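Hello,

Here is the structure I said I would pass on. Please open it alongside this email. My notes follow below.

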Amino acid sequence: MGIENTGKAWETPKTEPFIRIENVTKKFSDFIAVNNVSLDIYKGELFALLGGSGCGKTTLLRMLSGFESPTEGRVWIDGQDMTSVPPYERPVNMMFQSYALFPHMTVEQNVGYGLKHEKLTKAQRQDRVKQMLDLVQLSQFAGRKPHQLSGGQRQRVALARALAKQPKVLLLDEPLGALDKKLREHTQFEIMNIQEKTGITFVVVTHDQEEAMTLSTRIAVMDRGIIRQTGTPTEIYEFPKTKFVADFIGSINQFAGTVKSVTKDKAVVACADWAGEITVDRDASVAVGQNVSVAVRPEKISISKKAPAKTLNAIEGKVIDLGYFGKDSLYRVKLPSSALVRVNRVNDQRGRETERVAQWEDKVWLAFEPSAAILLKD
Ligand SMILES: Nc1ncnc2c1ncn2[C@@H]1O[C@H](COP(=O)(O)OP(=O)(O)OP(=O)(O)O)[C@@H](O)[C@H]1O
Ligand SMILES: [Mg+2]
């Protein structure tokens with residue numbers, strides 16, 4: 001899970017944000033692409049903007065870079081209001097969604113391209129290019145042309161080119177979009193390393209929730225121009241605030257119900273799917289009679305052929321589907337109400353077939369702790 005290595009500036013009240021996005025709205029004629037977004041991003045963060053296609057991620061990034069101006073609201077970077085600052089004067093560089101390398105130029109020339117207009121001597125420029133190639137570990141390919149490189153190597157050239165101008169903020173739009181899964185994972189760690197080495201503030205756009213979880217200090221989850229939730233990967237995963245965020249990040253079971261009673265620290269929810277009551281750790285704001293959804297991650301539900309000792313949040317069902325995914329198994333269990341529950345179980349390290357708790361058609365008991373469930377209201 002996330003690195004969360006920046007001393008948690010966002011939890012320290014006196015820290016000034018490095019980037020402040022203040023009530024920013026972007027309209028394209030009648031269409032609202034970004035809707036009243038406010039965000040504070042701190043120095044040295046690797047901040048992820050996460051959301052589905054068309055939700056406004058690129059548009060928000062373009063307003064940071066200055067290629068697009070907000071219809072309403074303001075952007076501040078390093079204490080300066082960016083409203084009338086043109087893109088080339090901002091302490092920002094952007095790596096575009098489809099980064100285009102110049103095909104006729106070598107790796108070295110591509111990386112040095114943006115430095116032409118900087119007041120550097122030839123030796124200084126060569127030095128900077130060399131540093132960048134070392135950083136992305138491509139020194140031995142300095143003389144190659146882009147078509148002589150793999151996809152991942154080309155991606156690193158684009159990254160080196162964006163870093164060469166030594167921006168204070170690097171904006172990366174889907175930096176790993178063109179790579180296959182294995183290379184993506186590898187390059188994610190490289191990006192994290194480079195971010196740590198340079199200390200530059202990174203804002204990364206992605207629609208891949210696993211990528212956002214691995215890479216970032218914090219995530220903003222976007223949906224149709226709105227930020228639904230901002231938090232560390234752990235907060236977003238363990239404490240989603242809405243059904244949308246719960247569903248968007250990882251897999252989750254949701255049982256709709258009505259709050260029957262509340263005590264000091266627990267709430268009891270009547271759920272038709274569960275054919276009974278579920279007890280959950282109470283959220284401060286729930287009231288008796290309220291319609292809620294009880295959400296439980298598949299890995300937080302235990303599965304066993306034996307009835308559990310405690311009857312709290314336990315129910316019997318039947319395995320209708322079973323998938324084996326190397327390190328874990330996924331069971332789909334049908335409850336008497338016909339509701340389906342997904343349960344994830346980490347496989348035993350020692351064996352392969354032997355440790356499976358149940359097979360197709362087996363009757364099993366499911367159970368979870370009140371602390372494992374989340375109460376969602378909308
Ligand atoms: N110049 C423009 N004129 C009109 N509409 C636009 C313009 N640019 C973007 N939009 C619209 O604004 C919305 C947000 O677009 P944006 O490119 O920010 O999405 P995104 O989150 O980056 O999506 P993706 O993941 O597909 O790249 C989309 O519905 C898009 O069609
Ligand atoms: Mg985009």
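Strand 3 is covered on both faces. On one side, Leu-46, Ala-48 and Leu-50 are buried. On the other, Phe-47, Leu-49 and Gly-51 are buried too. Bear in mind that this is a predicted model.

How many of the residues of strand 3 are buried? The count is 6 of the 6, across residues 46-51, so the strand is largely enclosed by the rest of the structure.

Two strands pair with strand 3. Strand 8 (residues 201-206) pairs with strand 3 in the parallel sense, over 5 bridges. Look for Leu-46 here: its bridge partner in strand 8 is Phe-202. Strand 9 (residues 218-223) also runs parallel to strand 3, joined by 5 bridges. For this pairing, find Gly-51, whose bridge partner in strand 9 is Met-222.

**Helices 4 and 5**

Next, turn to helix 4 (residues 151-164) and helix 5 (residues 181-198). Their axes come within 11 Å and cross at roughly 20°. An angle under 35 degrees counts as roughly parallel, so helix 4 is roughly parallel to helix 5. The crossing is right-handed.

Which residues meet? From helix 4, they are Gly-151, Gly-152, Gln-155 and Leu-163. From helix 5, they are Leu-183, Thr-187 and Thr-198. By class, this contact has 5 polar residues, 2 nonpolar and no charged ones.

Best wishes

Technical notes
Residues numbered from 1 in each chain as written. Chains lettered and ligands numbered in written order. Predicted model: local features only at pLDDT ≥ 70, side-chain atom pairs only at ≥ 80, totals over all residues. Buried ≥ 20, exposed ≤ 12 C-beta atoms within 10 Å, placed from the backbone. Helix = DSSP H or I, 4+ residues; strand = E, 2+ residues; numbered from the N terminus. Pairing = 2+ DSSP bridges. Axes fitted to C-alpha atoms, helices over the stretch in contact; angles between N-to-C directions. Parallel < 35°, antiparallel > 145°, perpendicular 65-115°, else oblique. Left-handed = near helix turned anticlockwise from the far one by under 90°. Contact = placed C-beta atoms within 7 Å. Nonpolar A, V, L, I, M, F, W, Y, C, P; charged D, E, K, R; others polar.
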